[in-house]
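Dear colleague,

Please find below the structure that I am handing over to you. My notes on what was found in it follow.

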Amino acid sequence: MLKRLVFAVATVFVATTLNFFLFRVLPGDAIRNLARVPHASPQLQAELRKQFGLDKSPWEQYLLYLRQLLHGNLGISFADQKPVIDNVMQALVNTLPMVLVGTVLAIVIGIATGVIAAWWRGSWKGSVGTSTAIFFYAVPTQWLALVLLIAFAGVLPSHGMSDPYLLDDSWTAHTLDVGRHMLLPSLTLALTLYGEYALITRSAMLETLGEDYVLTARAKGLRPRVIVRRHALRNAMLPVTTLIALSLGYLVAGAILIETVFSWPGIGFAAYQAVIQRDYPMLQGTFLVLTVSVIFFNLLADLLYAWLDPRISE
Amino acid sequence: MSLLQVRDLNVWYSLGEGGENHAVRDLSFSLDPGQRLGLVGESGCGKTTALLALMALLPPTASVSGEVLFEGENLLNEDIARGHRWRDIALVFQGAMNAFNPVRRIEDQLIEPMLVHKSVAADAARNRARELLEMVGITASAGRRYPHELSGGMRQRAMLAMALACDPKILIADEPTTALDSMVQAQILQLVSKLSDELGLALLLVTHDLPVVSQVCSQAVVMYAGALAESGPVADLYHRPQHPYTRLLYAATPDLHDDRSVVSIPGVPPRLDHPITGCAFAPRCDVALAECTTSSPPTVQVEPGWTSACWRAGGAQ
Amino acid sequence: MSTPTSGGASWLARVLWRSTSGRMGVILLGIFVVLAVFSPILRPYGLDERVGGVYDPPSLAHPLGLDDGGIDMLSLLMEGGRMSLTVGFAAALVAMVIGGGIGIAAGYFGGWVDTVLMRITDYFLVIPSLPLAIVIAAVWGPSLSHLIVVIALLLWTSTARLIRAEVRSVRERVYVARARALGAGHGRIILRHVLPQIGPLLVANTVLSVASAIFDESALAFLGLGDPTAITWGKIIELAFLRTAVTAGAWWAVVPAGLCVAMVIVACFWIGQAVEDALNPRLAVAHLSPRTFAVRTITGRVSPSDKGAS
């Protein structure tokens with residue numbers, strides 16, 4: 001347990017270092033390529049350099065960067081002059097509910113589909129389930145978002161997180177409003193994710209159903225549904241849970257695309273805008289947050305698996 | 001009146017691309033109450049398939065014909081068989097790691113069939129489980145452990161305890177000692193014999209290990225290439241085998257008390273995806289006759305309770 | 001996981017043709033490849049040819065309608081296929097070389113080489129791929145070759161791990177030990193013994209990489225990081241988004257491109273699955289199924305062995 005934590009912390013450290021070097025080492029002067037003022041006068045460039053400590057040696061810069069990081073200082077956004085940390089935190093708060101709803105939905109639909117597909121393996125019912133799962137897994141996320149937009153045009157809100165012209169100021173009205181705006185993005189996320197979960201579940205179930213203890217359970221005279229529930233499912237959930245937890249870290253990719261289509265003001269959208277606007281501090285900040293979240297979820301997955309499988313002793 | 005009667009059992013496994021393996025061919029034998037019968041043969045001879053067929057546990061790739069009569073009912077039907085599983089016929093697999101569910105405690109797996117079949121309260125079931133564990137020679141506290149925490153021998157005993165949970169009439173043991181070292185083997189065999197005596201259990205012991213059968217069973221059914229070679233009292237099979245395969249099988253078994261050298265049987269068993277003309281053993285037989293390669297041998301009754309599928313049965317081997 | 005395989009192209013062909021999904025995958029992918037390769041000849045209209053109004057709906061002359069510049073969507077789609085498949089295959093190939101190379105080196109040499117390479121791989125795996133790609137593409141500048149490299153960087157890690165595991169098992173095989181004992185050099189052993197064994201797995205993985213590559217390309221293009229001069233399916237979707245096809249209700253500017261991506265990915269998936277199944281035959285036995293074994297009636301079946309006189 002301790003070993004895993006140490007590894008996670010080490011990875012975070014490597015990630016932050018990488019974050020730092022990525023922007024200094026890539027071809028093209030970071031400031032010239034990414035700064036919001038592409039045709040700045042030499043004085044302005046010099047001023048910017050000084051402001052971001054780029055006139056010091058790389059080693060000094062690195063230390064400065066680390067020190068600032070520890071103080072929670074991620075710089076100031078070029079676009080709106082606000083502290084990056086504030087923007088990023090706000091964006092994170094916006095992303096979480098949408099992603100949570102979508103993920104929970106995806107997990108429920110995915111596992112159910114996977115179990116059914118495994119149960120009906122060989123018959124058309126299993127093939128249909130598997131094929132639809134593959135299809136939704138294969139379609140580009142942003143395309144699915146656009147298709148849903150077109151399908152529900154006029155019925156559900158097409159962008160943003162809330163209606164700026166909402167008259168009723170009450171908490172319920174506001175929540176309902178956000179809820180309505182959240183429907184399509186969450187649905188898109190759920191559809192995009194569930195396919196992979198269904199396939200994983202199906203695989204794990206088939207693997208489990210072929211194990212000896214399932215034969216033992218059958219020999220004991222247990223009914224098929226009981227065997228699936230009490231023996232196969234419980235054991236199949238082991239790899240399924242880990243794989244799902246692992247995939248959560250990579251949720252960010254889908255989130256970026258979905259948030260962009262729906263202009264949902266979350267961390268993904270913030271990253272996208274940082275790229276478009278060449279907002280270098282924001283880009284660095286969002287990237288760091290996204291990396292740390294992946295590491296965090298990987299650690300979670302590891303711990304979860306160790307907790308669930310009694311064969312792994314600590 | 002036989003407890004279990006197998007009549008003309010045939011099992012086919014379909015392979016990919018239309019072919020099929022005829023894994024069990026016209027197998028017939030019977031098991032009386034309290035009787036101890038050994039099903040012997042080399043790996044791949046169909047004995048495991050036969051035992052799976054007995055309890056209708058074959059996979060969807062299989063097809064069967066014939067009858068498996070338990071107290072008059074034909075068990076070759078999922079619904080009928082399920083009613084008898086564990087209650088009347090219980091199975092002990094090789095206590096390999098995976099025969100037990102690795103993420104559940106031993107005790108929970110022991111009480112599971114009791115709760116389902118005998119509708120007892122959980123407490124009563126747990127008590128009984130502890131009794132059973134002690135009966136097979138493990139401490140009752142072992143029940144709180146997970147399968148991987150037990151040694152091979154203990155796992156095998158636990159499997160035995162689990163099989164006895166619903167007081168079955170027949171105990172089928174599939175290679176119960178193969179994965180164990182000889183000391184533990186002997187203990188397990190003693191245990192099985194003792195239980196069979198004390199509880200009046202009929203025993204069907206499936207194994208490739210002849211000495212085991214000689215030790216525990218009174219009757220043996222020798223299988224070759226999915227079909228019956230010889231079936232009869234163990235002592236008679238040893239002293240006056242009526243089938244060359246039985247004779248050679250004994251000759252190939254090392255015996256600590258005997259100075260003779262071990263002779264292995266040359267050749268390999270035939271493929272089961274093509275029809276076999278004549279006797280399946282003929283290519284490897286040292287006393288094959290002309291008829292052996294052209295026509296199937298008859299099932300000869302040497303004496304009541306003793307049959308052999310050989311052209312030479314009843315005469316010199 | 002590995003079974004001794006005969007390896008080689010003929011084995012691959014047989015495996016693909018034998019399984020239904022493999023066959024379907026090959027045919028589907030084949031259709032797209034042919035259309036892509038011959039698209040300059042086959043496409044009905046030019047890529048700059050204005051043949052109608054903004055977002056004209058589908059008609060007989062233009063079965064997939066027109067885009068916002070009045071250009072025939074079908075022609076754009078075919079060109080999109082050509083570019084997308086090019087990027088996809090190229091990126092997958094680069095990833096195969098990088099991933100395969102690292103995997104072979106780590107698996108074959110073991111020791112500190114293995115440790116170092118696997119640490120690098122692990123860290124690459126942890127960094128979220130899309131943001132990484134975004135950052136690199138943003139800073140490096142958009143161009144087709146840059147894009148191919150960036151996508152390859154997203155793909156190589158899974159290949160490396162897979163190949164490493166396989167090479168490790170191959171290394172222990174008898175004939176490799178024999179070759180080493182006979183004094184064969186590393187390069188020779190890798191070329192003549194290791195490579196043929198891991199070949200099929202590498203191919204299966206590369207095919208699946210193509211699918212991922214096309215998917216990733218569409219994502220990157222959507223975020224404005226693709227090559228601005230190349231028309232790929234991803235770019236078509238991006239342009240539809242930016243030029244308000246949605247509000248115009250011009251579904252034909254959006255739907256076909258995504259469907260094409262999906263179909264290519266599904267085809268690659270089928271092919272990859274067929275090869276993987278052949279290499280790792282999971283027990284076709286599911287002990288549980290609503291169907292159990294079949295019972296044959298005695299009248300319908302005579303057992304192959306003759307019933308002799310009893």
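Helix 9 (residues 212-219) of chain A is mostly covered, with seven of its eight residues buried. Here a residue is called buried if 20 or more other C-beta atoms lie within 10 Å of its own, exposed if 12 or fewer, and partly exposed in between, with C-beta atoms placed from the backbone. Helices (H or I, at least four residues) and strands (E, at least two) are DSSP runs, numbered from the N terminus. The buried residues of helix 9 of chain A are A:Y213, A:V214, A:L215, A:T216, A:A217, A:R218 and A:A219. After helix 9 of chain A comes A:G221, which has a positive phi, near 85 degrees.

Please note that this is a predicted model, in which local features need pLDDT of at least 70 and side-chain atom pairs count only at pLDDT 80 or more, while totals for chains, interfaces and linings use all residues. Residues are numbered from 1 along each chain as its sequence is written, and chains are lettered from A and ligands numbered from 1 in the order in which they are written.

The contact between the two chains takes 16 residues from chain A and 21 residues from chain B; two residues are in contact if their C-beta atoms, placed from the backbone, lie within 7 Å. On the side of chain A that touches chain B, the elements giving two or more residues are helix 9 and helix 10 (224-249) of chain A. Helix 9 of chain A provides the largest share of that side, six residues. By class, the side of chain A that touches chain B has five nonpolar, four polar and seven charged residues. In this classification, Ala, Val, Leu, Ile, Met, Phe, Trp, Tyr, Cys and Pro count as nonpolar, Asp, Glu, Lys and Arg as charged, and the others, Gly among them, as polar.

**Chain A as a whole**

Chain A has 13 helices and zero strands. Of its 314 residues, 44% are buried. Among contacts in chain A between residues at least 6 apart in sequence, 74% join residues at least 24 apart.

**The strands of chain B**

Strand 3 (residues 36-40) of chain B is largely enclosed by the rest of the structure, because five of its five residues are buried. Both faces of strand 3 of chain B are covered, with B:R36, B:G38 and B:V40 buried on one side and B:L37 and B:L39 buried on the other. In a regular strand the side chains alternate between the two faces of the sheet.

Strand 3 of chain B runs parallel to strand 8 (residues 202-207) of chain B, and five bridges join them; two strands pair if DSSP finds at least two bridges between them. B:L39 has B:V206 in strand 8 of chain B as its bridge partner. Strand 3 of chain B also pairs in the parallel sense with strand 9 (residues 219-224) of chain B, over four bridges, and B:G38 stands opposite B:A220 there.

Strand 1 (residues 4-14) of chain B pairs in the antiparallel sense with strand 2 (residues 20-31) of chain B over eight bridges. B:L4 stands opposite B:L31 in strand 2 of chain B. Strand 1 of chain B and strand 4 (residues 62-70) of chain B are likewise antiparallel, paired over eight bridges, and B:Y13 stands opposite B:A62 in strand 4 of chain B.

Yours sincerely
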